[in-house]
Amino acid sequence: MWSKKGEFQAWLADIKQIDIESITMGEQRKLFTDFMEDYNTATFPSKKYYNLDVWTVKQLRKGARKQQKEGARPEGHVSIVDDEASLRSMHLNRFQKQRMQEQQDMHHESQSRLYAARARESSAMERIMSSLMDRK
């Protein structure tokens with residue numbers, strides 16, 4: 001029942017003119033049965049009641065396109081589409097910076113290990129040379 005709660009509430013408000021908070025749980029179940037019957041038989045008057053999220057995004061994009069065509073944007077106004085693109089770009093930049101930092105950290109760590117290994121190797125070579133010199 002709850003995966004379609006938004007669509008159910010919109011259907012109750014728009015089609016049945018009922019506020020969900022004004023009815024009991026038993027009434028909600030009965031009305032939800034009616035809702036699902038319309039859903040399953042595809043008899044809703046609008047696509048809105050099948051997937052509210054998709055319908056809302058389409059409506060927002062329609063509005064944004066209409067505003068772009070009209071060129072009517074109040075100063076400082078950012079459309080939803082522009083805002084989403086900006087947000088996506090910001091997340092991508094953050095991800096790329098994080099990835100670059102991880103690669104730099106890995107590089108520095110491998111360099112540190114290499115220098116430590118070389119120092120141990122050099123120290124071992126000095127001991128070997130020293131022991132050889134002592135034998136002579």
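Biologist: How many aromatic pairs does a search of the whole structure find?
Modeller: This is a predicted model, in which local features need pLDDT of at least 70, side-chain atom pairs count only at pLDDT 80 or more, and totals for chains, interfaces and linings use all residues. Residues are numbered from 1 along each chain as its sequence is written, and side-chain values use heavy atoms, with hydrogens and water left out. Rings of Phe, Tyr and Trp (its six-membered ring) pair if their centres lie within 6.5 Å; planes under 30 degrees apart are stacked, over 60 edge-to-face, and the rest tilted. Searching the whole structure gives a count of eleven.

Biologist: Why is the pair of Phe8 and Phe35 edge-to-face?
Modeller: The ring centres of Phe8 and Phe35 are 5.6 Å apart. Their planes stand at 70°, so the pair is edge-to-face.

Biologist: Which helices hold Phe8 and Phe35?
Modeller: Helices are DSSP runs (H or I, at least four residues), as strands are (E, at least two), numbered from the N terminus. The pair ties together parts 27 residues apart in sequence, because Phe8 lies in helix α1 (residues 5-16) and Phe35 in helix α2 (residues 25-40).

Biologist: Is Phe44 buried or exposed?
Modeller: Buried means under 20% relative accessible area, exposed over 50%, and partly exposed in between (1.4 Å probe, protein chains only). The ring of Phe44 pairs edge-to-face with that of Tyr50, with centres 4.9 Å apart and planes at 65°. Tyr50 is partly exposed at 21%. Phe44 has a relative accessible area of 9%, so Phe44 is buried.

Biologist: Which residues do ring pairs link into a cluster?
Modeller: Phe8 and Phe35, both buried, belong to the cluster.

Biologist: Which helix gives the most to the positive patch?
Modeller: Patch residues have over 30% relative accessible area and no salt bridge; like charges are joined within 9 Å, nonpolar side chains (Val, Leu, Ile, Met, Phe, Trp, Tyr) within 5 Å. A salt bridge puts a side-chain nitrogen of Lys or Arg within 4 Å of a carboxyl oxygen of Asp or Glu. Lys47, Lys58, Arg61, Lys62, Arg65, Lys69 and Arg88 gather in this patch on the surface. Five of its residues come from helix α3 (residues 52-70).

Biologist: How many helices does the protein chain have?
Modeller: The elements run α-α-α-α from the N terminus on. There are zero strands, and the helices number four.

Definitions and conventions:
Accessible areas come from the Shrake-Rupley method with a 1.4 Å probe; for residues, only the protein chains shown count as cover. Lys and Arg count as positive and Asp and Glu as negative; His and the chain ends are not counted. The place of a charge is taken as NZ of Lys, CZ of Arg, CG of Asp or CD of Glu.
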